[in-house]
Amino acid sequence: MAVLVNSNTRLITQGITGSAGAFHTRGCKAYGTNVVGGVTPGKGGQLFDDSVPIFDTVADAVKSTGANASMIFVPPPFAADAIMEAADAGIGVIVCITEGIPANDMVRAWRYLQGKNAAGANLRLIGPNCPGIITPGQCKIGIMPGHIHTPGRIGVVSRSGTLTYEAVGQLSAVGLGQSTCIGIGGDPVIGTNHTDALRLFNDDPDTDAVIMIGEIGGSAEEEACAWAKDHMKKPIIGFIAGATAPPGRRMGHAGAIISGGQGRAEDKYAAMESAGVHIVRSPAEMGRRMKEVLGR
Amino acid sequence: MKLHEYQAKDLLRRHGVPVPPGKAAKTVDEAVAVATELGGNFWVVKAQVHAGGRGKGRFKEVVGPEVLEAVLAGAADVPGKGGVQLCKSIDAVKAAAETMLGNTLVTKQTGAEGVKVKTIFITTGASIARELYAAILLDRQKSRLVLMASTEGGTEIEEVAEKHPEAIQKVWADPVTGLGDWQAREMAFKLGLTGKSFGPAVALFKKLYEAYLATDASMLEINPLVVTPEGDVVALDAKMVIDDNATFRQKEIVSWYDSGEDDPAEVEAAAYNLNFVKLDGTIGCMVNGAGLAMATMDIIKFYGGEPANFLDVGGGANKDQVKAALQIITKDPAVKAILVNIFGGIMRCDVIAEGVIAAVKETGLAVPLVVRLAGTNVELGKKMLAESGLAITPADGLADAAEKVVAAASGR
């Protein structure tokens, strides 16, 4: 089962002929993801790598291939539009890897998805500015190195890419595999947030526990903890990146900034503690702590 | 990207938001000419720096060290003249310009080094019946833009939020329809803006929202927003930040950017597309990925060290970027040891190793260098470092790396 993506996922890549889109489509394919098509406006009818059909529009791709997931590598000025195109075509899992989308564009795209969902659709956006999502051994959508993952029963949710790899590497090293790893992205406006991911893992019979990696900025971790306090039935190991970051400076990610006294790591750790999350203050302890908590 | 007050006010004026007349000046003569042209018998001269706390700031070249200490400590009453001066004659404007231009303003936010003032803004005052606060910003929880206003103008909004949360009013704009007339009216009513100032206030709120969108702002703050005895509503101060992700379509505004207050190392790093933030510690860091870069800083601190910087080389850095990153870190005289921490995904460990070796061979290595590699092509990367014959300390895992670099920085 796992979460959101599995061996039944049929993936298309939006921006398949761009250099990043092409490179990572090959990576996903090599991992075993069922890549059924790609979209590059104006190149419809051609084949990518002599095997993957390219379409002019997402709607065409869905009609011909039955795609149910999309991976977006469209450049920042056009990426929000690509998200809306995928939503309009009814793609259920939209994974936007693109970094650098203007926040105001994302506000509009997100509103568009909300409108669709309010009207009965069941669409989910992951990202933007994220590494993607992987269910080890079944389906990889994104830029993460597949080989560090092992199939198993731990869910991972994180705003950051390489820090997710770090957590996965530690889990695999202590012999704990992963059910699904979701990189939700480092931007201020994202689709799936920490709360959504915890909900999914809580309901997933194939997940026993979750590693939740937050970052300074915003209050998404606090909201997730407020939810977890009353609803989460599975143990969570929590780490917040940026405890040493100075206020007012953007730490790489557009969303990672402490402003107006909000978004501090200490407040997020406090929220985690009050929700019963097992916190680690050293990012080297995520895997070991998980093993300890599970008593394995 | 932060704008100066005069730049923000130019943009607001273009979008129909009432601001008091004023102009920027770079020399004392220009300042006098601007004041003469503005006319009247009252002017405000304001130093144009990005840092806040200008009014209570003092100039390094003018006051003694004990006064600067008081400024940095955030004292309420500091003797001398600051970065915002009220002038009742052209001579006073001239004197204010002479105090400010070319001198170094120290405010609570600039730290002890202060900032050199290159531009000043001369504006007429406004008579004030009420001081309010208004801002447009992104509400991350709702993923919508919010018009936030308060009756407690002139005070920092964080302080109002703490002491008088009931004074803060919010309405959220639907991006499909924009900020509705009814929402702007609701805000005006909530702030008690009735009578003559009602119409102008409603118009101003709508124009603030339009200006925010048109300029791709990520923050637009008017504090204070002033109601005059005549009922006019005027933006007396303006703070504006432009979304760094939208600079590709805001070329004109980007061309105004004043990098004078940025750390030179940060400017250099930006030229190589590196995310670099200078900090005060002794351990230089080079990491791939923003989250891991923050976590690396955290673990250095966890083991008793202090990071000298945040540096994210990004997901697909090449040899030259890695080399540049190491050279930028090494230039900081405070750095006593360096930690390179790479978890290769797209980024290949052999590319990192190549860059590290090239940088060390070219510029030498004055401080200990600890390298931790993991992920894609890790074995090849480790082998290249080991065979390079350079004095590089390899580390396995995050904790080992942090322990080794903290020990190296403290001379152990």
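Chain B is built from 14 helices and 19 strands, in what is a predicted model. Its C-alpha trace spans about 80 × 55 × 40 Å along the principal axes. There are 412 residues in chain B, and 49% of them count as buried. If you take the contacts in chain B with a separation of 6 or more, 72% of them link residues 24 or more positions apart.

Now for the inside. In soluble globular proteins, nonpolar side chains tend to be buried together. Here the largest nonpolar core has 213 residues. Which residues have the most contacts inside this core? They are Ile72(A), Ile83(A), Ile94(A) and Val95(A) from chain A, along with Phe205(B), Leu311(B) and Val405(B) from chain B. Helix α10 of chain B, residues 290–302, supplies the largest share of the core, nine residues. Another core lies apart from this one; it has 28 residues, including Ala25(B), Val45(B), Met100(B) and Leu105(B).

Leaving out residues up to four places away in sequence, Val95(A) touches Ala69(A), Ser70(A), Met71(A) and Ile72(A), plus Ile126(A) and Gly127(A), then Gly132(A) and Ile133(A), and finally Ile141(A) and Gly142(A).

Back to α10(B), and to the helix it packs against. That partner is α14(B), residues 397–409; the two axes are 9 Å apart and meet at an angle of about 60°. On the α10(B) side, the residues involved are Ile299(B), Ile300(B) and Phe302(B), which meet Leu398(B), Ala402(B), Val405(B) and Val406(B) of α14(B). By residue class, this contact has seven nonpolar residues, no polar ones and no charged ones. Val405(B) ties two parts of the picture together: it sits in this helix contact, and it is among the residues with the most contacts inside the largest core.

What about the contact between the chains? Chain B and chain A each put 49 residues into it. On the chain B side, the elements that give two or more residues include the helices α5 (157–163), α10 and α14, as well as strands such as β9 (144–150) and β17 (337–344). Which element gives the most to this side of chain B? That is α10(B), with eleven residues. The chain B side as a whole divides into 25 nonpolar, 13 polar and eleven charged residues.

How values were computed: Residues numbered from 1 in each chain as written. Chains lettered and ligands numbered in written order. Predicted model: local features only at pLDDT ≥ 70, side-chain atom pairs only at ≥ 80, totals over all residues. Core = buried A, V, L, I, M, F, W, Y, C linked by C-beta atoms within 7 Å. Buried ≥ 20, exposed ≤ 12 C-beta atoms within 10 Å, placed from the backbone. Helix = DSSP H or I, 4+ residues; strand = E, 2+ residues; numbered from the N terminus. Contact = placed C-beta atoms within 7 Å. Axes fitted to C-alpha atoms, helices over the stretch in contact; angles between N-to-C directions. Nonpolar A, V, L, I, M, F, W, Y, C, P; charged D, E, K, R; others polar.
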